[in-house]
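Open the model in your viewer and keep the sequence panel beside it. This tour tells you what to select at each stop.

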Amino acid sequence: MSSVRLNRYMSVSGAAARRKGEILIRDGRVTVNGAVVTDPAFSVSTGDAVMLDGKPLILEARRRYYVLNKPTGVIVSRGDTHGRATVFDLFAESMDGIFPVGRLDEDTSGVLLLTDDGDLAYRLTHPSYGVEKVYRAEVEGEVSAGDIRRTGEGIVLDDGPASPARMIVLSIGSGVSLVEIVLHEGRKRQVRRMMERLGHPVRVLERISFGGITAKHLPLGSFRPLTGEEIEHLHNESCMKRSRKRNDTP
């Protein structure tokens with residue numbers, strides 16, 4: 001990193017997401033080389049001494065973030081005793097220290113995030129942060145308005161009520177429905193169990209978005225590093241979701 005905006009520096013250091021960092025800067029709580037700086041766009045570099053409330057902000061070693069378009073028939077695991085292919089077999093480069101953010105079943109395809117950033121992974125997967133995961137499913141039968149209502153109320157599963165989810169019917173025909181489902185939690189095989197409870201077993205399931213990150217234009221089995229903008233979006237998204245949930249609490 002040669003030089004970056006001060007609010008970006010704070011985000012990379014882990015001190016605060018960009019919007020929160022801007023507030024801290026404007027409140028005069030940040031100094032650069034001993035001088036108070038109130039402009040979030042102020043340019044800083046790795047050689048500058050940046051402090052928040054008198055405590056130094058240290059840039060950690062550069063984290064790695066990837067999105068993989070996972071194919072079916074591949075398991076989300078570092079290894080498998082039965083010799084099945086894993087997502088790590090799809091990477092040509094060393095992935096030491098990298099781990100999946102949550103899971104996707106062997107028979108589910110689509111967006112899988114991988115990183116070595118444990119704090120972000122926790123916020124993206126813990127239900128209290130409510131980060132959206134969007135799935136597209138081909139299911140048996142014709143999904144009704146009642147099914148949509150029950151999904152929005154929270155379907156009761158074997159391990160307790162699921163959080164309210166949003167379901168949109170994209171098409172219906174020949175005894176099959178194509179639906180889009182937005183979840184804010186990530187239980188084991190949740191979409192499949194929800195649709196089974198509604199009487200619409202899943203035929204094909206794909207995750208098309210996780211926290212706003214998609215695998216658009218990424219062939220099945222391929223991956224790419226996330227851009228700086230995407231990484232910052234995930235940090236901001238997880239923080240804002242938690243803030244909204246707190247504000248909605250009576």
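Select Thr125: is this residue buried, partly exposed or exposed? Thr125 is partly exposed, because its relative accessible area is 29%. The classes run as follows: buried is under 20% relative accessible area, exposed is over 50%, and partly exposed is in between, with a 1.4 Å probe and protein chains only.

Before moving on, note that this is a predicted model, in which local features need pLDDT of at least 70 and side-chain atom pairs count only at pLDDT 80 or more, while totals for chains, interfaces and linings use all residues. Residues are numbered from 1 along each chain as its sequence is written, and side-chain values use heavy atoms, with hydrogens and water left out.

**Stop 1: around Thr125**

Stay on Thr125. It sits in helix α3 (residues 118-125). Helices (H or I, at least four residues) and strands (E, at least two) are DSSP runs, numbered from the N terminus. Show the side chain: it reaches the backbone oxygen of Ala121 at 2.8 Å. Now display the contacts, meaning heavy atoms within 4.5 Å. With neighbours within four places in sequence left aside, Thr125 touches Val101, Gly102 and Phe210.

**Stop 2: the whole chain**

Zoom out. The chain has six helices and 16 strands. Its C-alpha atoms fill a box of roughly 70 × 50 × 30 Å, taken along the principal axes. Of the 250 residues, 44% are buried. Take the contacts between residues at least 6 apart in sequence: 64% of them join residues at least 24 apart.

The accessible area is about 12,800 Å², and carbon and sulfur atoms account for 50% of it. Areas come from the Shrake-Rupley method with a 1.4 Å probe. Next, colour by charge, with Lys and Arg positive, Asp and Glu negative, and His and the chain ends not counted. There are 36 positive and 33 negative charges, and their mean positions are 3 Å apart. Each charge is placed at NZ of Lys, CZ of Arg, CG of Asp or CD of Glu.

**Stop 3: strand β9**

Select residues 109-115. This is β9, and seven of its seven residues are buried. Which strands does β9 join? Strand β7 (residues 65-70) runs antiparallel to β9, with six bridges. Two strands pair if DSSP finds at least two bridges between them. Pick Tyr66: it stands opposite Leu114 in β9. Strand β8 (residues 99-100) is also antiparallel to β9, through two bridges. Here Pro100 has Leu114 as its bridge partner.

Ser109 stands opposite Glu206, and Gly110 has Arg207 as its bridge partner. Follow β15 to strand β10 (residues 133-140): seven bridges join the two, antiparallel. There, Ala137 is partnered by Leu205. As you look along the strands, remember that in a regular strand the side chains alternate between the two faces of the sheet.

**Stop 4: Asp105**

Go to the loop between β8 and β9 and select Asp105. Its side chain makes a polar contact with the side chain of Arg189 (3.5 Å). A polar contact is a pair of N or O atoms within 3.5 Å; within protein, one must be able to donate a hydrogen and the other to accept it, and residues adjacent in sequence count only if both atoms are side-chain atoms. Beyond its neighbours within four places in sequence, Asp105 is in contact with Lys70, Val74, Arg189 and Arg192.

**Stop 5: a four-stranded sheet**

Look for an open sheet in the order β3-β2-β5-β6, with antiparallel pairing. Its edge strands are β3 (35-36) and β6 (55-56), each pairing on one side only. Three bridges link β2 (residues 30-32) to β5 (residues 50-52). Val30 stands opposite Leu52.

**Stop 6: helix α1**

Select residues 6-13. Helix α1 is largely enclosed by the rest of the structure, because six of its eight residues are buried. They are Leu6, Asn7, Tyr9, Met10, Ser11 and Ser13.

**Stop 7: two positive phi angles**

Select Ser174, in the loop between β13 (166-173) and β14 (176-183). Its phi is near 55°, a positive value in a residue other than glycine. Ser174 is exposed, at 79% relative accessible area. Finish at His217, in the loop between β15 and β16 (223-225). Its phi is positive too, about 65°, although His217 is not a glycine. His217 counts as exposed, with 75% relative accessibility.
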